[in-house]
Amino acid sequence: MQAEALLETGRAKEAMEAVRRAIEIDPASALAYVLRGRIDVELGTLDDAGGDFSKAIELDPKRVDAYAGRGEVLLATKEFAAALRDFDKALVLDPNRTDVVTTREKAQQALEAFKRGEPPK
């Protein structure tokens, strides 16, 4: 998808326009919403990213990258327990995703630090 190539080369605003067009053409494309979520993260619009990842999950409940992406947004917004649920769901769907295992561990550590009253690392 053109949007993904643009995002990978650091052209997030152009990628957003490309993915907007892709969604207009196929509003049922879970991949397009995952990509838009990734672009939202790059642009710092985490609320939009969370909504896009949720839409991707609604369209394709087995989309591992949507759960992982939403988990990362939840982690960034310090919603640790919800992030862990999304990472766990992603790992049920694909237990071999080492990137999700690593990020889940960070979320678990952050939740434990939060419970102890420490700032997350």
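**View 1. H4 passes H5 in a left-handed crossing.** Left-handed here says that the near helix is turned anticlockwise from the far one by less than a right angle; clockwise would be right-handed. This is a predicted model, where local features need pLDDT of at least 70, side-chain atom pairs count only at pLDDT 80 or more, and totals for chains, interfaces and linings use all residues. Residues are numbered from 1 along each chain as its sequence is written, and side-chain values use heavy atoms, with hydrogens and water left out. The helices are DSSP runs (H or I, at least four residues), numbered from the N terminus. The axes of H4 and H5 sit 9 Å apart, at an angle of about 155°; axes are lines fitted to C-alpha atoms over the stretch in contact, and angles run from 0 to 180 degrees between N-to-C directions. H4 and H5 are therefore roughly antiparallel, a label for angles over 145 degrees. On the H4 side, look for Leu46, Ala49, Gly50, Phe53, Ser54, Ala56 and Ile57, which meet Asp65, Ala66, Tyr67, Gly69, Arg70, Val73 and Ala76 of H5; contact means heavy atoms within 4.5 Å.

**View 2. H5 (residues 64-76) packs against H6 (residues 80-93).** Their axes are 8 Å apart and the angle is about 160°, so H5 and H6 also come out roughly antiparallel to each other. The crossing of this pair is left-handed. Among the H5 residues in the contact are Val64, Tyr67 and Leu74, while H6 brings in residues including Phe80, Phe87 and Leu93.

**View 3. H2 (residues 12-25) and H3 cross at roughly 155°.** Here the axes come within 10 Å, and that angle makes H2 roughly antiparallel to H3. H2 passes H3 in a left-handed crossing. Ala12, Lys13, Ala15, Met16, Val19 and Ile23 are what H2 puts into the contact, and the H3 residues include Tyr33, Leu35 and Ile39.

**View 4. The second largest pocket has a volume of about 190 Å³.** What lies nearest its centre? Look for Arg38, Phe53, Ala68, Gly69 and Glu72, which belong to a lining of 13 residues. H3 (30-43), H4 (46-59) and H5 each supply at least two lining residues, and H5 gives the most, with six.

Technical notes: Angles under 35 degrees count as roughly parallel, over 145 as roughly antiparallel, 65 to 115 as roughly perpendicular and the rest as oblique. On a 1 Å grid over the protein atoms alone, a cavity is a set of points where a 1.4 Å probe fits but cannot get out, and a pocket is an open set with protein on both sides within 12 Å along at least five of seven lines; lining residues have an atom within 4 Å of a point. Grid points are joined across faces, edges and corners, and a volume is the space filled by probe spheres set on the points.
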